[in-house]
Structure formats: C-alpha cells, structure tokens
Amino acid sequence: MTLQAAIDRLKVRLGEAVSGPVEFRGETTLTVSPGKIVAACEFFKKECGFDMLTDLSGVDNYGEDPRYEVDYLLYSLAQRCHVRLKVRVSEEDMVVDSVTSVWRGADWHEREAFDMFGIRFRGHPNLKRILMWEGYPHHPLRKDFPLAGIPAELPESAVNADTVRSAPMLGGPFVASDGTRSSIRREPRQYDTLAERQEKLAHPTKKESV
Amino acid sequence: MTTKHEMELIDSAARAQQVMEEELAGEKMVINMGPQHPSTHGVLRVVLELDGEEIVNAWPDVGYLHRGDEKIAENMTYTQFIPYTDRLDYLAPLANNVTYAYAVEKLLGMDVPPRCKYIRVICAELARISSHLLGLGSFGMDVGAMTVFLYTFREREKIYDMAECISGARFTTSYTRIGGLAHDMPPEFVPMLRKFLKEFPATIDEVDKLLTRNRIFCERARGIGMLTKADAIDLGVTGPCLRGSGVDWDIRKAHPYSSYEDFEFEVPLGSVGDSYDRYLVRMEEMRQSVRILQQAIDNLPDGPVNSPDAKILLPDKEAVLTKMEELIHHFINVTEGINAPPGEVYFSAENPKGELGFYIVSKGGGTPHRLKIRSPSFVNLQALPIMAKGHMMSDMVTILASLDFVMGECDR
C-alpha cells in the first residue's frame, strides 16, 4: 500500500480526527487529535507495515494554543518511507495516550518528552524522568525555562553540592569573552536569566537593543 | 580516652547456615554497576538484580552526561551549533558534522557540489573506521584480550592525524559548514589516506586472527546478548546492532545521501543476533569502509567544495574587506545567521553507532525553534534489559561492549 492510500484509508477510519497531509521537503506530516493517536499508530503499524518508531519528540510552541505538540516519526522497513504524526497538546490538559503498547521502543522517548516538557503519557509503564534526576522541579526544554538555568536542590545522595547553580554566563560558552562592556552588550544571550526570559516572552515584539 | 565497643560475634557455622538459608529462599541481590565502571565506556549506570550470578533484571540509568545540547541549539544560529555536534558521538565527530550539515541543508532546500559530497563521504567513513576500531579494541579488552586494543589504537592514531590534516583538529573537528566545508582538503591529505588504505587492511586481518577464531573470545561472545529481529525492530535499534540481528537496513543503501549511490559496497548482516554477530558486522563494515574510501579518492571530482549561495556561507575574507555586498552578507550571516524557511525536517544518516537523526523545527530566521537529536546510542540502550536477562553478571561486560554506545550522544 502506498503512503497516500494509507492516509486515505486512515482518514476514512478516523474521520475528523486526522487532518493534513502537509508536505515539506518531501516529508509527510499528519495531524491527529490526542485521543486518536494510539488508533492511528496501530493502524500504521499493523495494517500498513510501519514497523519502526524512529523518533518521538516534544515541541513547545509558546504563545500558541494548544501550546505543546508531540511528533511521532514512523518508518516502514519494507516500503522504506517515513510518515510523521503530530498531536497538539494544550497546556491545561497535558496528557497524551502512550504508544508503548504499539512499540516498546516508545518507552524512553516518552520519558524524555515528559522530562523535558512535562507532557504526561497515559498508560506508560514507567513514566519517570530520564535525563534529569528524580525530583528535579522543572522541565528544561520549555520556552519559559531560561538558558542560564534555575537554581534547584540536588537529591541527598549527590555528593559535594547542595544546590545546582545557574550556569556562569560571563566567560561561558555562549558569551563573547573579551570582557569589554560593549561585547557583552552585543551578546543577547548574556541576559537570558529567568527574569529576562519572562520579560522577553511577555513582550515578544520588543526589539533587543544592540 | 578509650571507648568500649560492644559487638556480637556470630559463630561462623551459624552464619554459614544463615547464608545458605537465604540463598535457598532465593533472595535476590540488587547491585549497582557504574556510572564509573570501566566497561560502561562513559557514565552509564546499570542497576542489576541478581540471582546468584545470574541477571534477573537490568535497568539502565542514563542522563549523567546531559548537557542540554538541544536547549543550547535553540539559542544559537545553525552554524554556531556545529562544534556541539563534535561532542555528541565523540568517537566519530566528523560523521556528526556531516549529518548535521545535511540536516540543515535539507531544511534550506539546497544542494552542495559533488566534490563536497565526496569529501563528506571520506569524513564519514574515516569516522566509522575510527569508531569501530575503538569499539572492537575495547570489546577485546573487556573480555580479556588486551593486545587487540593496542593494535586498534595504533590505527586510530593515524586517523586522528588525518583528521588533524583535513580539519586542523584531531578531536573536535567541526569540519563542515552549512552549504559546504570549512575549507577544501589540503593536497597532502590524499597521499596520507592512500598510505593508510594500503596499510590498514593488514591490521584488520591481524585483529581478525587474534579474535575471530580465538576460543576464549568466541565462548565469551557467542550466544551472549541475543537480540531477535522482532525485538530489534520493535525497539527501534539501528546500526550494526540491527544488522547483527539480520535486518538488512542501512541508510546509505535505503536512502542514499551524500552521493552514496555512486559507491559499491556490501552491507554485512548477522545470522543469530548475538554479541559475536555484532562483532563480525563491525569487522566487515571496516573492510567495506576501506572499499568506499578507495573509490572516493579514485573518483574524487574537481571543482568547488562550497555552494555559491552567498546568503548561506561566509564570503572570502578578502572580498569582505574590499567589497560592499560581501561585507553585508558577512555581517548578516554572523549576526543573524542563515535565514531558514519555516517548516520541519528530519534528516538521518548512517553513523557508526546507528541512525543519527536531526529533527529541526524552524519558525523562520537564524535559530531553530526546536532541534531534536535522535541519537542511536539512546535508542539502542533500551535493548539492554532484553539482551542481559538470564546471562551471567560477567557477560554484562560483553553485552555492553557489543552494543557499542557513547554516552555523550545518548545523554546529549
């Protein structure tokens, strides 16, 4: 079955829940409503031979509604083609059904999306943080999380540190390092602390002074 | 001042009895391996549940090397992120550079000149050899064959010398640019590579003789860490681990990029999917890489290495200092970055460890809105519990070595 035929059949089956496809640079993206993602994934896996979940990724579209999205990249080894499914998740109800029942490989990907964005996956067998430590209070890839970090407590077992400090900005990897006032001013990321980030997000149109 | 300690001395016979009863009751032990264990090749922690020597369960715990690369990427221009890709799979920095450059070029919808594609193939294959050499060397060392490590490191040294020749740095190469390369390869590079290609097969044969029919190695690797075809596909395992399980899938063949369609090479496959098969696949892949490299230098096209689009690559410094238009392009490229169209693309390439993919969401402008790195080590490590179950504690070392992961890429 070609990809187009599969999409047509999926649209018949799920009706309004599927929109698209959108083509960009030869890639096909379908948008699926949150409640129907497991059905769509099962359809692609069992009936169309998309046997691999290549990637699963969260995205934060700050300022849009719904704010978050989860992108699933499916791959068919037999037909050698990809299809991307996109689910939009609103900020109020940050829950998506887990696809671990379809591919076991979704396990760590979903944990990562939970860790980085705080999106919860209903039915996931072990939804814990994966890259950050248990008990870390933030979700770092959200757009309102500053690049400099937010001070946080480390768990008791960690040695030699009481808190995680913000990354040093001056002389840090994103900052021009000659130390003169003008070059710091030229570097907008120098100001990317929590207060600055909130200010920036509150007034997105305001041009940064160079 | 002296203090008096009171302690209870359990009579040893009674203690032995107690231990035996505990064992008979089947009490399991949970032990912690890593994150500073030498065989975990970095900072992987594995929590093992043992029944005697047998592994009942294994839980990999990743994240100790998380540096927030994806967050960093959202805060800089596309070109500025190239050095960070060196530090993903730090055993094959050249290959990461190449993959990242193609991903951004796909977003921009541009093509690079044929010479650039060939040089990128050379980079990717050199990185593959380098990474597999380390993988094999440390595999041998982990199961007790120390010599192999020394032989493979001697060859890696030559590859580092070549990396220095072509990019100026041995380790953190940052050789590609969006739309081309930092510079064409220097004239002394091709003779260097020719010499290497002449000498290197002898080393593969040497390693082959030392390991492939070595009784100790075979017994430690055969039948250990089985990964079936179905499990490998279900978990999304890629690279030599997938092909070791007998799935014929190599991105260089399935979706040829960087002019891989011009090259003749075979894709080796395993038959049962154990550690030994994965070892054999890597061995053969190095031989195939030598073939590819030979073809690449024999048929290397002439011409420019950089795309002529002035809105993407930095113009010549001399022109910047003397001409108005070039100065403007330079200024815009450095301060604002490349103006990418809005959209989302996923590009993946066959890296030494598996499928390295970059998923870029652009809202237009010089910085990505989201850059997700689909790292093969992260995905492949998920297979560890399945592979380890039922094996001895000492086989864990074999399984980890045959998975051949890198934590820099896994944790990002």
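Chain A holds five helices and nine strands, counting helices as DSSP runs of H or I with at least four residues and strands as E runs of at least two, numbered from the N terminus. This is a predicted model, in which local features need pLDDT of at least 70 and side-chain atom pairs count only at pLDDT 80 or more, while totals for chains, interfaces and linings use all residues. Residues are numbered from 1 along each chain as its sequence is written, chains are lettered from A in the order in which they are written, and side-chain values use heavy atoms, with hydrogens and water left out.

**Chain A**
- Reading from the N terminus, its elements run α-β-β-α-β-β-β-β-α-β-β-β-α-α.
- Of the 210 residues in chain A, 48% are buried (under 20% relative accessible area, with a 1.4 Å probe and protein chains only).
- Among contacts (heavy atoms within 4.5 Å) in chain A between residues at least 6 apart in sequence, 47% join residues at least 24 apart.

- Strand S2 (residues 45-51) of chain B is mostly covered, with five of its seven residues buried.
- S2(B) pairs with strand S1 (residues 29-33) of chain B in the antiparallel sense over five bridges; pairing requires that DSSP finds at least two bridges.
- B:Asn32 has B:Val47 in S2(B) as its bridge partner.
- With strand S3 (residues 54-61) of chain B, S2(B) pairs in the antiparallel sense over seven bridges, and B:Leu48 stands opposite B:Ala58 in S3(B).
- Two residues lie between S2(B) and S3(B) in their hairpin, and B:Gly52 in the turn has a positive phi of about 70 degrees.

- B:Lys71, B:Asp234 and B:Gln382 supply 16% of the area that chain B buries against chain A, more than any other three residues.
- In contact terms, 51 residues of chain B meet 51 residues of chain A.
- The rule finds eleven salt bridges across this interface, each a side-chain nitrogen of Lys or Arg within 4 Å of a carboxyl oxygen of Asp or Glu.
- B:Lys106 forms a salt bridge with A:Glu27, and their closest N and O atoms are 2.6 Å apart.
- Elements giving two or more residues to the side of chain B that touches chain A include helix H4 (93-108) and strand S7 (354-362) of chain B.

How values were computed
Buried means under 20% relative accessible area, exposed over 50%, partly exposed in between (1.4 Å probe, protein chains only). Buried area is the accessible area (1.4 Å probe) that two parts lose on being put together, summed over both.
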